[in-house]
Amino acid sequence: MSDDTDDVIDDVFAVIEDRKANLPEDSYTTSLFTHEKGENAVLEKLGEESTELILAAKDDDREELAHEAADIVYHMLVLLSMKEMDLADLRAELAERR
């Protein structure tokens, strides 16, 4: 992984794609790709993490807010990968909204 935090999302997505391709047994990411619920496992995690993010914001807990925001971004990236999308798709959509 890069030491440059500007590239961290690209680095995380690359790891997710690697886990998807190689399915190492001891990987949480692998467990999401192989879960018996399929993509519903990731969708449920996104719902859970969204609630936790809202509660952290309500409590003005900056540390927990950052933690939960990172959880949402991670699970969103897993979902994009599951749907055969990538960061270019996300960037293009965000660029259209400028």
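Select Ile-16 in this predicted model and display its surroundings: leaving aside neighbours within four places in sequence, Ile-16 is in contact with Thr-29, Phe-33, Tyr-74, Leu-77, Val-78 and Ser-81.

In soluble globular proteins, nonpolar side chains tend to be buried together.

Now select H1, whose 15 residues reach 21 Å from the first C-alpha to the last, close to the 21 Å expected at 1.5 Å a residue. Asp-11, Phe-13 and Ile-16 are buried in this helix, and what covers the buried residues of H1 includes H2, H4 and helix H5 (87–96). Step just past the end of H1 to find Leu-23, which takes a positive phi of about 45°.

Move on to H4, where the end C-alpha atoms are 30 Å apart, in agreement with the 30 Å that its 21 residues should span at 1.5 Å a residue. The buried residues of H4 are to be coloured next: Glu-68, Asp-71, Ile-72, Tyr-74, His-75, Leu-77, Val-78, Leu-79, Leu-80, Ser-81 and Met-82. Showing H1, H2, H3 and H5 alongside brings up the helices against which these buried residues of H4 pack.

Definitions and conventions
Residues numbered from 1 in each chain as written. Predicted model: local features only at pLDDT ≥ 70, side-chain atom pairs only at ≥ 80, totals over all residues. Heavy atoms only, no water. Contact = heavy atoms within 4.5 Å. Helix = DSSP H or I, 4+ residues; strand = E, 2+ residues; numbered from the N terminus. Expected span 1.5 Å × (residues − 1). Buried < 20%, exposed > 50% of the residue type's maximum accessible area, 1.4 Å probe, protein only.
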